[in-house]
Amino acid sequence: MSPAERSPGPVATADIGVIGLAVMGENLVLNMASRGYTVAVYNRTTSKVDAFLAGRAAGRTIVGAWSPEEFISRLSKPRRVMLMVQAGHAVDRVIETLRPLLEPGDVLIDGGNSNYRDTTRRTRALRESGILYVGTGVSGGEEGALLGPSIMPGGNPDAWPVLEPIFKAIAAKVDDGTPCCDWIGPDGAGHYVKMVHNGIEYGDMQMIAEAYSLLRDVGGIEPAAMSEVFASWNEGELSSYLVEITAGILARVDDATGRPVVDLILDAAGQKGTGKWTGIDSLMLGVPVTAITEAVFARALSALKEERVAASRVLPGPTANTGGSGGAPGRSLPAGAPAADPVAGLGTHGDAESFARDVRQALYASKICSYAQGFQLLSMASTEYGWRLDFGAIALMWRGGCIIRAAFLDRIKAAYDEAPELANLLLAPYFRNAISGAQAAWRRVVATAVLRGVPVPAFASALAWYDGYRSERLPANLLQAQRDYFGAHTYERIDRPRGEFFHTDWTGRGGETVSTSYNA
């Protein structure tokens, strides 16, 4: 578009402006315009502005700008500016460019996947100049951004009255019309909740992948038939966006080869960091989100494709495949290794159906544990950072629009509505009963996977976490004795009140001096 063809001189009529016209940015702009808002757009590569205005934005209430100054001049006051740029230094650079152009009371929103610590820093720094900063999680992918995402805003609370009408208008809605958007809390709370959302997403995806692997390698079920299995699962307690799209993926056939597309995809997964951040923060706060961190590690292990191929030729182990084509050959034993398969084959259709039912239960139980871990991390963060998070409201925000949307989030909301101080989701009656009903199948599936040599890190770690959480006594007493032996770290006794610490001179040479640091 030539300068002469562009909009006439700047007019401050736009309700909100968006910087960054990648997929999410473009679709959010179109969403806002479809709700009756006038949107100003700017991109550092201005040719993207030209292409957008001439293409998808043509005829809509969307106005372009070709410099930061022109962009700001098009916004009505108080100005609302949403950044849809890459997280990290790019956000800081844009903030520094815009800062001298904004006025007290203007709202600056980061809609990317920024680290919550960066959001806290930016919120506090901009507060000094009167600029209201918001870090908001946006989930739903490109389709959600266009039709209605889940939106999780946090930061300077003075910004919420200015943003609420727009954000609730463009957000996804649940069946009763409630928008999947509400104010999360101060500082980095919004981006923290989005980070945990993404961590749970990692866990969900890994668990579904493990169910697929078991049905393929142990059950011998072909992708087309497996698609029907997942479609049936989507009609019940596992109803969710990820299960729904898995059924569609498994049904897709490659036009060129006639093979299932899933069989042609290299088994090396990527990641962008939010799942890793969830694991790091769980370690910092001492919250065991084992299913989520195992899902992150599973992606890291998958990336070692060449090493795994080499190892598969020399490391012994049982053969998993039962003969279904499924896209993956069975793992053969090296010469000289025992040939006996420790688990009898699932040779009949009836056996495969029974196994699939067990896998369904294992998936559901593991999924409950993953969400329980995620909400336990949110609870600890809420206390640690003084955010006063509303866990029922968060579950509702995740009920529509976002990647982890699932029917059972209604159950989570109900659990927190009934008991706002609930220590763990597993203690709510619905989830306690659900785990009880699924437990036998869950254990059979994990045992079968171990005996067959099928890696199920998320299923197995969720079960181990469950067993640990329900254990009145763990072997940590021995760990603490070891710590006291080599480092005089002291220990508590079961026959004395909590908070009293003791030391044993285990070798007779240690003396009475003890470590002053009990917990790191």
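**Side-chain contacts in the predicted model**

In this predicted model, lysine 413 and aspartate 417 are joined through their side chains by a salt bridge, with an N to O distance of 2.8 Å. Both residues belong to helix H17 (residues 409–418), where they are 4 residues apart, about one turn of the helix. Lysine 413 has a relative accessible area of 24% and is therefore partly exposed. Aspartate 417 is likewise classed as partly exposed, at 48% relative accessibility.

A further salt bridge connects arginine 443 with aspartate 467, whose closest N and O atoms are 2.6 Å apart. This pair links distant parts of the chain, since arginine 443 lies in helix H18 (residues 429–452) and aspartate 467 in helix H19 (residues 457–469), 24 residues apart. Arginine 443 is partly exposed, its relative accessible area being 29%.

The side chains of arginine 216 and aspartate 217 meet at 2.7 Å, N to O. Because buried residues are those under 20% relative accessible area, aspartate 217 falls in this class at 3%, and arginine 216 does so at 15%. In total, the structure contains 27 salt bridges.

The structure contains 19 aromatic pairs. In one of them, the ring centres of tyrosine 371 and phenylalanine 408 are 4.8 Å apart and the ring planes meet at 85°, so the arrangement is edge-to-face. Tyrosine 371 is located in helix H15 (residues 349–385), whereas phenylalanine 408 is in the loop between helix H16 (391–397) and H17; the pair therefore ties together parts that are 37 residues apart in sequence. Tyrosine 371 is buried, with a relative accessibility of 0%, and phenylalanine 408 is buried at 2%. Tyrosine 371 and phenylalanine 408 also belong to a cluster linked by ring pairs, together with Tyr364, Tyr430 and Phe431.

Contacts between charged groups and aromatic rings were also found. The charged end of arginine 299 is placed over the ring of tyrosine 202, at 3.8 Å from the ring centre. The charged end of arginine 493 likewise sits over a ring, that of phenylalanine 502, with a distance of 5.9 Å to the centre.

Key
Residues numbered from 1 in each chain as written. Predicted model: local features only at pLDDT ≥ 70, side-chain atom pairs only at ≥ 80, totals over all residues. Heavy atoms only, no water. Salt bridge = Lys/Arg side-chain N within 4 Å of Asp/Glu carboxyl O. Buried < 20%, exposed > 50% of the residue type's maximum accessible area, 1.4 Å probe, protein only. Helix = DSSP H or I, 4+ residues; strand = E, 2+ residues; numbered from the N terminus. Phe/Tyr/Trp six-rings, centres within 6.5 Å; stacked < 30°, edge-to-face > 60°. Lys NZ or Arg CZ within 6 Å of the ring centre and 35° of its normal.
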